[in-house]
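Have the viewer open and follow along.

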Amino acid sequence: LEAEKDYFASEEYQLDKEFWHMQLEKAGPPTSLKTFKGNNLSPVGRRKTFQLSQTLNHAIYSFCMENRIAPFSVFYIALATYLARITGEKTLTVGVPVFNRVNFAFKQTSGMFVSTLPLVYTVDEDLPFDDSFKRFGEHWLDSLRHQRFPFGEMLKLQNRSEELFHLVLSYQDGTMLQSGESSVHFSGNWHYSGYQK
């Protein structure tokens, strides 16, 4: 709480506020796969989970290692390109959850630090493939530098009544180390309540 109080009184807070104010001014309508009529939206989440084959998973991992980019960038660029083509909208706003642990002390502290960033990005289909990743990577790092700014404060900055986004892209990279000497084996599973805003 003390750290948050200090943050709100800091120059960093003002810089973060200016960054998000500029981002939200550029934001287009909330990106969606289909049009919505009225405000009668269901709280039932329609989360899609895709299991990648080992071959495709390895190809993506190799591509990321060769180009020094995060897998998140690959999935975001793919989603953004697809959405730009089906909607005709080039400036997209997609919600992205981030761990929001901005320093060593926070990384060593248990608790819920996760925040959501409204990632506003303009797709340029004329840009070569490699340049797209470079441009997105720079934009993503800029957004991460300002991730501490609270989502509630971002909502106050937007000058419209509609929501910022209808889609959320979440990527987590988890590794479980198996020991040949151990009789205990672990597997991971996502548990989803079926409801979300």
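**Starting from a serine**

Let's begin at Ser143, which sits in helix α6 (residues 129-145); helices here are DSSP runs of H or I with at least four residues, strands are runs of E with at least two, and both are numbered from the N terminus. This is a predicted model, so local features need pLDDT of at least 70 and side-chain atom pairs count only at pLDDT 80 or more, while totals for chains, interfaces and linings use all residues. Residues are numbered from 1 along each chain as its sequence is written, and side-chain values use heavy atoms, with hydrogens and water left out.

Is Ser143 buried or exposed? With a relative accessible area of 1%, Ser143 is buried; buried means under 20% relative accessible area, exposed means over 50%, and partly exposed is in between, using a 1.4 Å probe and protein chains only. Which residues does Ser143 touch, leaving aside its neighbours within four places in sequence? They are Phe19, Trp20, Leu117 and Leu119, where contact means heavy atoms within 4.5 Å.

The axes of α2 and α6 are 10 Å apart, and the two helices pack at an angle of about 135 degrees. Axes are lines fitted to C-alpha atoms, for helices over the stretch in contact, and angles run from 0 to 180 degrees between N-to-C directions. The two helices are therefore oblique to each other: angles under 35 degrees count as roughly parallel, over 145 as roughly antiparallel, 65 to 115 as roughly perpendicular, and the rest as oblique. On the α2 side the contact is made by Asp16, Phe19, Trp20 and Gln23, and on the α6 side by His139, Asp142, Ser143 and Arg145.

On to the charged pairs. Take a salt bridge as a side-chain nitrogen of Lys or Arg within 4 Å of a carboxyl oxygen of Asp or Glu, and the count comes to six. One of them joins Glu125 and Arg85, with the closest N and O atoms 3.6 Å apart. That pair links distant parts of the chain, with Glu125 in the loop between β2 (115-122) and α6, and Arg85 in helix α4 (residues 71-87), 40 residues apart. Glu125 is partly exposed at 37% relative accessible area, whereas Arg85 is exposed at 60%.

Another salt bridge connects Glu153 and Lys156, whose closest N and O atoms are 3.0 Å apart. These two are separated by about one helical turn because they are three residues apart in helix α7 (residues 151-157). Glu153 counts as buried at 19% relative accessibility, while Lys156 counts as exposed at 63%. Elsewhere, salt bridges that share partners join Arg85, Lys90 and Glu125 into one network.

Lastly, zoom out to the chain. The protein chain has seven helices and two strands, running α-α-α-α-β-α-β-α-α from the N terminus on. Of its 197 residues, 31% are buried. Among contacts between residues at least 6 apart in sequence, 71% join residues at least 24 apart. The accessible surface comes to about 14,300 Å², of which 54% belongs to carbon and sulfur atoms; accessible areas come from the Shrake-Rupley method with a 1.4 Å probe, and for residues only the protein chains shown count as cover.
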